[in-house]
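My notes follow the order in which I went through the views.

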Protein chains: 2
Amino acid sequence: MKLDAVDVRQAASAADIVYEALRKAIIEGALAEGENLRQDQIAQMFNTSRIPVREALSRLEQHGLITTQRYKGAVVAGLSIEEIEEIFEFRALIEAEVIRLAVPNLDRKTLDLARRHCDEFGKESDSSKWGETNRNFHYGLYEAARRPYYLQIVRASLDRIDRYLRAQLTLTDGMKRAAREHEAILDACVRGNADLASLLTRDHILDAGRSLVVFLRDQRG
Amino acid sequence: MKLDAVDVRQAASAADIVYEALRKAIIEGALAEGENLRQDQIAQMFNTSRIPVREALSRLEQHGLITTQRYKGAVVAGLSIEEIEEIFEFRALIEAEVIRLAVPNLDRKTLDLARRHCDEFGKESDSSKWGETNRNFHYGLYEAARRPYYLQIVRASLDRIDRYLRAQLTLTDGMKRAAREHEAILDACVRGNADLASLLTRDHILDAGRSLVVFLRDQRG
DNA sequence: AGATTGTATATTGGATCCAATATTTCTATG
DNA sequence: CATAGAAATATTGGATCCAATATACAATCT
């Protein structure tokens, strides 16, 4: 008998599970900005004690997804318009560089997959899935850059603002524009034009940021 | 009666204290790569229980300063040459941009302070302090960019490789070159030449990275 | 009534205890 | 003596308990 080697030691701890679940809930917007995160309540939801919950909350705070006050607990972090602008500016810088590094390494298989993600994003009607298809499209290409550290940062920075982005895409027609921009980026990638792909990615992110800021200014008054 | 308002609630928790102490020990190289971090041992050192220690370790892992294995514990993370190269490349990208954004906002006071840090770095004979003066010099200038998110990332990325950098500066004469490059960067800042300051910062970091890689290849065989 | 103080409740931070797993030591056996 | 297996020890992950603090609410005073 032969089985795939599975490293049992990598089985997730309770803290890992809680962390991932809360992270997902926050970036998807299931937990609203400012919402209280009670340790007891979360512990019960996961059938565990508060210890792993506290560990998860501590990690989330390090990533800026929640804020905590001693003896007062944790709330889902809210970002000011300025903070959101900064993060988009940052993402534009990093992701433009990542795609530039990725283009020379793109192979047929990766491009085909990106094409499918791109189409999926354009056709997807379920707004709750846009966030995922968007990530799949971009990250699929980014992987080719072979820069794990960059990707880690990219992921963390997207996590911070994903919630707002999803809300905006759902409530406006911004995703049509995003879909067109994805087409253009993918096209540049297929042609092997790294500089163009980089420029388009930069603009794609800055555009999204500007639209989001307009949307939020309107929403917040 | 009128007293200064002090926010007592900001008093650090045990986990915060342990986290900061371990972070400092790791980036200064007091804890060697691969060294075991026993929860009990650390808890005793800080006169506390293992709970806050575990929280601190969990945070350190999120920042990549340690790696942990379930039921086996934590060790100080080691970086491969490739990982170190990637982080230097990343730092060059970010910090070049940060200094570019900072230059237009630099005022007399900040420049004077940077001058003092620059001189201090050049004259300091105690090698254990180079890491701090180096950070003081760069961060003092970076603050003017008014980009807290960028700075957070800059700090985290420097944390990852600071240990190696300090070892190299101590064992080679690399810091003379670094001191000259600091002078040039500061000079560009004083003149208000953002593009030059950016370029010099980029080269300063890439140079340091290349020297470090040579040093490590030699050391590791 | 409105402000202020005291008390009860809720919640977090941390200590101690137990279970699960890894590592080491010891022992039996060839 | 070397080695496989078992027992002992060490270490981590998690649950429960207690202390510290915050919040909500009632009682009191002006």
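**The surface near DNA strand D**

I began with the protein surface near DNA strand D, and found that helix 3 of chain B gives the largest share of it, three residues. I keep in mind that this is a predicted model. Helix 3 (50-62) of chain A and helix 3 (50-62) of chain B each supply at least two residues of that surface.

I then looked up which residues come nearest, and of the 18 residues around DNA strand D these are Ala14(A), Thr48(A), Ser49(A) and Lys72(A), together with Arg54(B).

Which part of DNA strand D supplies the atoms within 4 Å of the protein? I recorded that 69% of these atoms belong to sugar or phosphate, while the rest belong to bases.

On the base side, I found an N or O atom in the side chain of Arg50(B) at 2.9 Å from a base nitrogen of DNA strand D.

**How the two chains relate**

I next superposed chain B on chain A, which takes a rotation of 180° with 0.0 Å of shift along the axis and leaves an RMSD of 0.0 Å. I wrote this down as the relation of a two-fold axis. Both copies use the same surface, since 100% of the contact residues of chain B recur in chain A.

**The sheet of chain A**

Last, I traced the sheet of chain A, an open one in which three strands follow the order 1-3-2 with antiparallel pairing. Strand 1 (36-37) and strand 2 (66-69) of chain A are at the edges with a single partner strand each, so one side of each has no neighbour in the sheet.

Strand 2 of chain A pairs with strand 3 (residues 73-76) of chain A over four bridges, in the antiparallel sense. For Thr68(A), I looked up the bridge partner in strand 3 of chain A, and it is Ala74(A). I also noted that helix 3 of chain A lies across strand 1, strand 2 and strand 3 of chain A, and runs at about 115° to strand 2 of chain A.

Conventions: Residues numbered from 1 in each chain as written. Chains lettered and ligands numbered in written order. Predicted model: local features only at pLDDT ≥ 70, side-chain atom pairs only at ≥ 80, totals over all residues. Heavy atoms only, no water. Near = heavy atom within 4 Å. Polar contact = N/O pair within 3.5 Å; in protein donor to acceptor, adjacent residues only side chain to side chain. Least-squares fit on C-alpha atoms with pLDDT ≥ 70 in both. Contact = heavy atoms within 4.5 Å. Pairing = 2+ DSSP bridges. Axes fitted to C-alpha atoms, helices over the stretch in contact; angles between N-to-C directions.
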